[in-house]
Amino acid sequence: MLDKAAHENFPVAPFFVPRAWRDDLMAVYGFARLVDDIGDGDLAPGGRDAELLGLHREQTGDRLAMLDAFEADLRRVFDRSGTGPRHPLLLRLRPTVHRCGLTPEPFLGLVEANRQDQRVRRYATYQDLLAYCELSANPVGRLVLGITGTASPERIRRSDAVCTALQIVEHLQDVAEDLGRDRVYLPAEDMKRFRVGEADLARPTSGASLRSLVAYEAERAGELLNEGTPLVGSVHGRLKLLLAGFVGGGRAALKAVSAAGYDVLPGPPKPTKLSLLREVGATLRREG
């Protein structure tokens, strides 16, 4: 599961971060990937994860039951009096939670986001999408700040802007893949405004209207990145480089979407390593 970290727009725990941070970041990433895999139905075959969570193997396909069992096991992470969680990825998370003083709320938010994915397949407004990102994306940045001991109200606000931007960029990259899962993260009000129907999302390539819509949403994501970028300048050392990587990764992904002419349907436009490095460097110069 943790090998999926290599496919993010920026490495989740790159080599330059201190070993203790890297271990804690990967423990949190392992949690986030597992809950996403439960919500997406992407667990390894055989039902082992269901069994570890106290369910029958055949219940693997019951995503809501799996999420409920996963949340129950997550709560054991925070219970110092009990024997601890059953699932090995949650057992690995336990030392990180206690060492860093992390609270349950960000983790529960990520579980709830995946529950929402089972019930909500379309978003009427941009505000509805932002509310979803509050559950699905923003907790990750808050956990990074918690692990590094740098959380403050202002940093959390900036981090939320960056994380929401990164989530929106990912949705733009994955329009076709999401539609294959019967999910559309482009707000319905914006699709109507740009005269884009769901049939347009199923085509091999994007028409002019869809390209205009993707460009519009990309601009919004860029504005959120701009709002959150001062977070990089508020910290020092390796954390500055890590956060510049997240912001630069978002900017590089947006440039890749732009370079594709905002045609995201043939496949997710991905930044090159050189583009990523350039954007990280530009972010550090801007906020250094």
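Two residues are in contact when heavy atoms of theirs lie within 4.5 Å of each other, and several stops on this tour through a predicted model rest on that meaning.

**First stop: F31.** Begin by selecting helix α1, which covers residues 19–40, and pick out F31 within this helix. Show the residues around F31 and, leaving out those up to four places away in sequence, you will find that F31 touches F70, L74, L90, L93, F107, L110 and V111. F31 counts as buried, because its relative accessibility is 0% and the cut-off for buried is under 20%.

**Second stop: Q116.** Now select helix α5, residues 104–119, where Q116 is found. Is Q116 buried or exposed? With a relative accessibility of 15%, Q116 counts as buried. When neighbours within four places in sequence are set aside, the contacts of Q116 are with Y123, Y132 and L135.

Select residues 126–136 for helix α6 together with residues 153–173 for helix α8, and turn the view until both axes can be followed; the axes are 9 Å apart, and the helices pack at an angle of about 110 degrees. The two helices are therefore roughly perpendicular to each other, and α6 passes α8 in a right-handed crossing. To see which residues make this contact, colour Y126, L129, L130, Y132, C133, E134 and S136 on α6, and then D160, T164, Q167, I168 and H171 on α8. Sorted by kind, the residues of the contact of α6 with α8 comprise 6 nonpolar, 4 polar and 2 charged.

**Last stop: the cysteines.** A disulfide is a covalent bond between the sulfur atoms of two cysteines. How many disulfides does the model hold? The count comes to 0 disulfides, when a pair of sulfur atoms has to lie within 2.5 Å to qualify. Continue to C163, which is in no disulfide either, since the nearest cysteine sulfur, that of C133, is 9.8 Å away and the cut-off for a disulfide is within 2.5 Å. C163 has a relative accessible area of 12% and is buried, while C133, whose sulfur is nearest to that of C163, is one of the α6 residues in the contact with α8.

Key
Residues numbered from 1 in each chain as written. Predicted model: local features only at pLDDT ≥ 70, side-chain atom pairs only at ≥ 80, totals over all residues. Heavy atoms only, no water. Helix = DSSP H or I, 4+ residues; strand = E, 2+ residues; numbered from the N terminus. Buried < 20%, exposed > 50% of the residue type's maximum accessible area, 1.4 Å probe, protein only. Axes fitted to C-alpha atoms, helices over the stretch in contact; angles between N-to-C directions. Parallel < 35°, antiparallel > 145°, perpendicular 65-115°, else oblique. Left-handed = near helix turned anticlockwise from the far one by under 90°. Nonpolar A, V, L, I, M, F, W, Y, C, P; charged D, E, K, R; others polar.
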